[in-house]
Amino acid sequence: MSYNIALNFEDGVTRVITCNEGETVLDAAYRAQINLPMDCSDGVCGTCKGACRQGQFDLGEEYIDDALSDEEAAQGMVLTCQMVPSSDCVVEIPAAASLCSKSANAAVTGTVDEVNLISPSAIELKITADADIGFLPGQYVNIQVPGSDKTRAYSFSSRPGSRELSFLIRNVPGGLMSSWLVGKARTGDKVTLTGPMGVFYLRPVERPVLMLAGGTGLAPFLSMLESLKEKGCDQPAHMIYGVTGDADLVCVAALEAFAEDVENFTFKTVVASEESNHPRKGYVTGHMEDAPINEGDVDVYLCGPPPMVDAVLGYFREQGIEPNSFHYEKFAPSAPAVKEKVA
Ligand SMILES: Cc1cc2nc3c(=O)[nH]c(=O)nc-3n(C[C@H](O)[C@H](O)[C@H](O)COP(=O)(O)OP(=O)(O)OC[C@H]3O[C@@H](n4cnc5c(N)ncnc54)[C@H](O)[C@@H]3O)c2cc1C
Ligand code: FES
């Protein structure tokens with residue numbers, strides 16, 4: 001038994017694939033030369049999220065809540081790496097069909113130019129790629145941690161179209177990539193990057209845009225702002241950038257420069273810590289008064305650690321605001337959290 005699965009892409013393209021009994025939609029698409037957005041293929045990252053608009057399927061119980069919440073599942077959202085159809089289905093894929101061609105996720109080598117600890121909690125990494133990586137502003141790449149077979153996902157913070165890449169990376173104490181960057185990385189080191197990946201990228205700006213960044217979740221927005229600086233922005237674009245403590249507030253000079261150079265772009269910063277002397281304290285959701293919500297006629301982009309992303313999603317639900325479009329990226333850790341020992 002096999003089933004016909006219609007994949008409806010964001011750009012209006014529909015591709016119909018055949019899914020065998022017991023096969024996931026992700027694997028069936030791969031057989032059909034279609035690289036659907038994916039990262040872990042294990043139900044952990046949420047990158048392969050789509051929406052099933054018709055048909056029966058099983059998602060199993062292997063995926064985690066950070067990848068797909070119960071509420072999202074109840075709304076018909078699916079992880080294509082877990083979805084096993086039991087009838088013909090129609091699945092919406094929130095990416096352009098052109099991003100899903102087989103050649104999209106090539107491995108490229110690059111050379112480390114600079115590693116700068118710009119605050120105790122943030123690292124700026126600059127790499128020159130040996131070949132073009134045609135990424136969209138907001139997408140990410142998997143970087144192999146030198147000396148290991150593990151990779152970590154990082155959003156480009158640099159201008160699309162250039163081989164000079166930059167990344168803004170949280171310094172996680174004891175973390176595999178963090179430790180390599182802080183302790184071992186040297187100018188001239190070679191790294192391997194696989195991508196570009198992800199569906200969190202800036203769509204054509206046709207209405208006001210709200211950008212909500214948490215910590216190093218600022219990275220993809222820096223790339224989006226580079227793109228807006230080049231192309232222009234004739235709609236209001238407002239960013240609220242929230243961090244935990246004063247020391248985590250980085251790249252503010254860069255944001256000030258974007259506010260000068262990108263027409264209609266404004267931003268404000270927010271610090272959560274009680275001890276902070278910052279003029280705006282708390283979480284991003286407590287400082288939405290300048291946000292161009294526009295009775296929902298707004299495109300919202302949200303990126304940061306999973307708890308921040310969940311809190312903002314909850315805020316919009318509670319307020320009953322349904323934006324025209326909502327794009328988000330959770331910076332989910334690749335390694336499981338270390339459990340506290342119970343005495
Ligand atoms: C699509 C995507 C894009 C990403 N883009 C970026 C980016 O642009 N910048 C960026 O800084 N990160 C980004 N991340 C997160 C990044 O991939 C790594 O998870 C993070 O940098 C930690 O890697 P590490 O090797 O240093 O630590 P690991 O060895 O992975 O982790 C060590 C320990 O710390 C825990 N841990 C890891 N991260 C955190 C955290 N944030 N808070 C608390 N505990 C943590 C782990 O669970 C583990 O127990 C992204 C993640 C995804 C899924
Ligand atoms: S690719 Fe499906 S959850 Fe990561």
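For residue classes, Ala, Val, Leu, Ile, Met, Phe, Trp, Tyr, Cys and Pro count as nonpolar, Asp, Glu, Lys and Arg as charged, and the others, Gly among them, as polar. This is a predicted model, in which local features need pLDDT of at least 70 and side-chain atom pairs count only at pLDDT 80 or more, while totals for chains, interfaces and linings use all residues. Residues are numbered from 1 along each chain as its sequence is written, chains are lettered from A and ligands numbered from 1 in the order in which they are written, and side-chain values use heavy atoms, with hydrogens and water left out.

**Stop 1: the domains**

Colour the protein chain by domain: domain 1 covers 2–100, domain 2 covers 106–199 + 334–339, and domain 3 covers 209–330. These bounds come from an automatic or database domain assignment. Between the C-alpha centres of domain 1 and domain 3 the distance is 29 Å. Four residues from domain 1 and five residues from domain 3 take part in the contact, where contact means heavy atoms within 4.5 Å.

**Stop 2**

Next, select Lys49, Glu72, Met77, Phe326 and Tyr328, which are the closest to the centre of the second largest pocket among the 38 residues that line it. A pocket is found on a 1 Å grid over the protein atoms alone, as an open set of points where a 1.4 Å probe fits, with protein on both sides within 12 Å along at least five of seven lines; lining residues have an atom within 4 Å of a point. The volume of the second largest pocket is about 1,200 Å³, taken as the space filled by probe spheres set on the points, with grid points joined across faces, edges and corners.

Which elements give two or more residues to this lining? They are β1, β3 (49–54), α2 (70–74), β7, α6 (306–319) and β18 (325–330). Helices (H or I, at least four residues) and strands (E, at least two) are DSSP runs, numbered from the N terminus. Strand β18 gives the most, with six residues. By class, the lining comprises 15 nonpolar, nine polar and 14 charged residues. Because domain 1 and domain 3 both give residues to the lining, the second largest pocket lies between them.

**Stop 3: the largest nonpolar core**

Now select Ile5, Leu7, Ile34, Leu36, Met83 and Val91, which touch the most other members of the largest nonpolar core, a set of 30 residues. Such a core is a set of buried Ala, Val, Leu, Ile, Met, Phe, Trp, Tyr and Cys residues joined through side-chain atoms within 4.5 Å. Buried means under 20% relative accessible area, exposed over 50%, and partly exposed in between (1.4 Å probe, protein chains only). At least two residues of this core come from each of β1 (2–9), β2 (14–20), α1 (25–31), β5 (77–79) and β7 (89–93).

Centre the view on Leu36. Not counting residues up to four places away in sequence, Leu36 touches Leu7, Phe9, Val25, Leu26, Ala29, Thr80, Ile93 and Cys100. Another core, of 27 residues, lies apart from the largest one and includes Leu202, Leu222, Leu225 and Phe265.

**Stop 4: the loop between β9 and β10**

Move to Ile133, in the loop between β9 (122–129) and β10 (140–144). Is Ile133 buried or exposed? With 8% relative accessibility, Ile133 counts as buried. Beyond four places in sequence, Ile133 touches Val108, Phe156, Leu165, Leu193, Gly195 and Pro196. Ala131 is placed in the loop between β9 and β10 and is partly exposed, with a relative accessible area of 28%.

Pro196 belongs to strand β13 (residues 190–197).

**Stop 5: positive phi angles**

Select Gln33, in the loop between α1 and β3. Gln33 has a positive phi of about 70° although it is not a glycine, and at 52% relative accessibility Gln33 counts as exposed. Then select Cys251, in the loop between β15 (237–243) and α5 (252–261). Phi of Cys251 is near 65°, and Cys251 counts as partly exposed at 25% relative accessibility.

**Stop 6: Cys303**

Finish at Cys303 in strand β17 (residues 299–304), which counts as buried at 0% relative accessibility. Its contacts beyond four places in sequence include Phe200, Leu212, Phe221, Met308 and Phe331. Cys303 and Phe221 are 82 residues apart in sequence and 8.5 Å apart in space, C-alpha to C-alpha.
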